[in-house]
Amino acid sequence: MGVRATCLNCMDGRVQLPVLHWIKENYRVDFVDVITEAGMDGVLSNQDNITEILRSIAISVDVNKSTRLFVVGHYDCRGNSVEESVHRQQIRHAVSRLKGYWSGHEIVGLWVNKSWAVEVVLQELA
Ligand SMILES: [Zn+2]
């Protein structure tokens with residue numbers, strides 16, 4: 001079936017390939033399931049109802065057997081136009097929120113900077 005990862009990213013087209021390439025360069029992953037929202041880091045951090053996102057993650061994890069989750073925030077996000085420091089806080093909060101559901105999974109928070117390069121914000125091991 002191949003090694004899976006789950007990527008919770010913004011819907012912004014500018015960040016898709018940089019993040020997918022980074023994941024494939026840094027982890028032995030065959031397929032990346034991608035779940036998107038406009039400003040995913042803000043949604044996961046601030047919205048009470050994330051049922052639909054959790055449903056998608058559950059399919060990725062339970063059916064596709066993904067073992068690692070990535071939460072992404074990025075520079076110049078129009079769906080979540082806050083300062084970088086706030087993005088980083090939201091990414092941390094989102095990672096810990098998801099860790100509450102998937103404690104046995106590695107969850108990595110990523111920041112895509114103004115050069116469209118990927119930085120690790122934090123890494124919660126399985
Ligand atoms: Zn965005």
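Q: Which residues of strand β3 are buried on one side, and which on the other?
A: Arg68, Phe70, Val72 and His74 are buried on one side of β3, and Leu69, Val71 and Gly73 on the other, with both faces covered. A residue is buried if 20 or more other C-beta atoms lie within 10 Å of its own, exposed if 12 or fewer, and partly exposed in between, with C-beta atoms placed from the backbone. By that count, 7 of the 7 residues of β3 are buried, and the strand is mostly covered. This is a predicted model, in which local features need pLDDT of at least 70 and side-chain atom pairs count only at pLDDT 80 or more, while totals for chains, interfaces and linings use all residues. Residues are numbered from 1 along each chain as its sequence is written.

Q: In what order do the strands of the sheet stand?
A: Strands of a sheet pair through backbone hydrogen bonds, either parallel or antiparallel. Here 5 strands make an open sheet with mixed pairing, in the order β2-β1-β3-β4-β5. Strands (E, at least two residues) and helices (H or I, at least four) are DSSP runs numbered from the N terminus, and two strands pair if DSSP finds at least two bridges between them. β2 (31-37) and β5 (118-124) are at the edges with a single partner strand each, so one side of each has no neighbour in the sheet. From one strand to the next, the twist averages 20°.

Q: Which residues of α4 are buried, and where do they lie around the helix?
A: An α-helix has 3.6 residues a turn, so residues three or four places apart point the same way. In α4 (84-99), the buried residues are His87, Gln90, Ile91, Ala94, Val95 and Leu98. Seen down the axis, they fall within an arc of 140° and therefore line one face of the helix; the arc is that of the directions from the helix axis to the C-beta atoms. These residues pack against α2, β3, β4 and β5.

Q: Which residues touch the most other members of the largest nonpolar core?
A: In soluble globular proteins, nonpolar side chains tend to be buried together. A nonpolar core is a set of buried Ala, Val, Leu, Ile, Met, Phe, Trp, Tyr and Cys residues joined through C-beta atoms within 7 Å. The largest one here has 29 residues, of which Leu8, Phe70, Val71, Val72 and Leu110 touch the most other members. β4 gives the largest share, 5 residues. Beyond its neighbours within four places in sequence, Val71 is in contact (C-beta atoms, placed from the backbone, within 7 Å) with residues including Leu8, Ile91, Val95 and Leu110.

Q: Where do Lys65 and Asp76 lie, and are they buried or exposed?
A: Lys65 is in the loop between α3 and β3, and Asp76 is in the loop between β3 and α4. Lys65 is exposed, with 11 other C-beta atoms within 10 Å; Asp76, with 11 C-beta neighbours inside 10 Å, is exposed too. Lys65 has a positive phi of about 65° although it is not a glycine. Asp76, also a residue other than glycine, has a positive phi near 55°.

Methods: Axes fitted to C-alpha atoms, helices over the stretch in contact; angles between N-to-C directions. Contact = placed C-beta atoms within 7 Å.
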